[in-house]
Amino acid sequence: MSMIRFCDLRARNAPRADAIKDAVARVVDRGLYVLDAEVSHFEKDWSAYCLASHCVGVASGLDALTLILRAAKIGPGDEVIVPSNTYVATWLAVSAVGALPVAAEPDLKTMNICAATVSPLVNRRTKAILPVHLYGREAPIDELRQFHLPIYVDACQGHGLTAVGDAAAFSFYPTKNLGALGDGGAVVTDNDVMADQVRLMRNYGQRARYICDVRGINSRLDEVQAAILETKLHHLDWDNSQRVALAKRYLHALAGIPSIILPEDDVANVWHQFVIRVKNRDDFRVDLSNHDVETGCHYPVPPHLQGAYYIKGLRYPIAEEIAETCVSLPIGPELDWDDQTKIIDAIKAVV
Ligand SMILES: *Cc1c(COP(=O)(O)O)cnc(C)c1O
């Protein structure tokens, strides 16, 4: 039997390979490769898809987050509240503008931050809250509004959710629900000033060519990636519906197994990852791999225990508990139902 892959990008893109090649050929033939019609077209369609007024294409999800914070004039001396359990990029964006990432613990059930954990951290220096639609599950934006702080959303795992707060950052890294064939990102917002500032800063701070108004950076979405994303956008709803169907099937099939904690299914979710929690996670993953099932782990070490942020004695017990027990099961839209049955059978055999 061959290994069931955790994430098979070749298989995921195969049904759209012809359309992708046509899109690339169109850009090759047109001969305009940076900030032209493909990017504007995709920006228009992506903002409409997110039910927002503006979209600005940038080079990555990390840049999208960083440019939002810069546009909001957040910097040294400021604090931004981030989850203790997230991909490290959420923290890195805050550090990139010279501000301090202040970690809020997630609710163990939802794995998202919430008002109860954010509340004790809010003070005069707090300039924004940066929740994450972690694993594709919508973060509780409305609940976090009670602090009357700007809410900037790390939506890098939330393609298909329309909760964008005051601005949202998307990544189009190839494994995301909407993935390019390389790096890409976008800022989505209803705020005209935010959109204008990000647009200015992604292109050296120039409004007119060779005239630099502010000290911007080079962070542009390529024409080639924009053209690919445009064709793939037509399939996003279908892909997400596959993810939802696979998630429902896991939830049903794995319910009642005492050693497995399943994800909650009570709010909007585009199931970027299907993350269960088990004791002896590493053994569990090895056992599944011996049954030809590859799994993922998001994430094995929380940011505060990594070299970049390590402070002796600083503990976030809930983030650590999640990091020690989390396992991501295959849930890409390329996964077929027979393979999912094999995964479910393998899990039942190893628990
Ligand atoms: C992927 C991801 C990012 C970073 O996106 P890049 O495009 O790789 O820079 C940030 N935050 C979260 C939660 C992500 O999943």
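A residue is near a molecule or strand if one of its heavy atoms lies within 4 Å of it. Around the ligand stand Ser-60, Gly-61, Leu-62, Tyr-87, Ala-89, Val-132, Asp-154, Cys-156, Gln-157, Ser-171, Lys-176 and Tyr-299.

Before we go on, a word on the ground rules: this is a predicted model, in which local features need pLDDT of at least 70 and side-chain atom pairs count only at pLDDT 80 or more, while totals for chains, interfaces and linings use all residues. Residues are numbered from 1 along each chain as its sequence is written, and side-chain values use heavy atoms, with hydrogens and water left out.

A polar backbone atom of Gly-61 is 2.8 Å from an oxygen atom of the ligand. Asp-154 places a polar side-chain atom 2.8 Å from a nitrogen atom of the ligand, and an N or O atom in the side chain of Lys-176 is 2.7 Å from a ligand oxygen. The ligand taken alone exposes 380 Å², of which the protein buries 91%; accessible areas come from the Shrake-Rupley method with a 1.4 Å probe, and for residues only the protein chains shown count as cover.

Tyr-299, one of the residues around the ligand, has a further feature to look at. The peptide bond leading from His-298 to Tyr-299 is cis, with omega near 10°. Tyr-299 sits in the loop between H11 and helix H12 (317–325); helices (H or I, at least four residues) and strands (E, at least two) are DSSP runs, numbered from the N terminus.

Strand E2 (residues 79–83) is joined to E4 by 3 bridges, and Val-80 has Ala-128 in E4 as its bridge partner.

Another open sheet of 3 strands has the order E10-E11-E12, and its pairing is antiparallel. Its edge strands are E10 (260–261) and E12 (326–329), each pairing on one side only. E10 is joined to strand E11 (residues 274–278) by 2 bridges, and Ile-260 stands opposite Val-278 in E11. Helix H11 (residues 281–290) packs on the sheet, touching E11 and E12, with its direction about 25° from that of E12.

Asn-269 lies in the loop between E10 and E11, and at 13% relative accessibility Asn-269 counts as buried (buried means under 20% relative accessible area, exposed over 50%, partly exposed in between, with a 1.4 Å probe and protein chains only). A polar side-chain atom of Asn-269 is 3.5 Å from the backbone nitrogen of Arg-137. Asn-280, by contrast, is in the loop between E11 and H11 and counts as exposed, because its relative accessibility is 58%. Asn-280 also has a positive phi, near 50°, though it is a residue other than glycine.

Our last stop is helix H8 (192–201). Asn-191 caps its N-terminal end, with a side-chain oxygen 2.9 Å from the backbone nitrogen of Val-193. Buried residues of H8 include Met-194, Val-198 and Leu-200, and the helix's buried residues pack against several elements, among them strand E1 (54–58) and helix H4 (61–71). Val-58 is in E1 and, at 0% relative accessibility, counts as buried. The contacts of Val-58, leaving aside neighbours within four places in sequence, include Val-198 and Arg-202.

Conventions
Pairing = 2+ DSSP bridges. Contact = heavy atoms within 4.5 Å. Axes fitted to C-alpha atoms, helices over the stretch in contact; angles between N-to-C directions. Polar contact = N/O pair within 3.5 Å; in protein donor to acceptor, adjacent residues only side chain to side chain.
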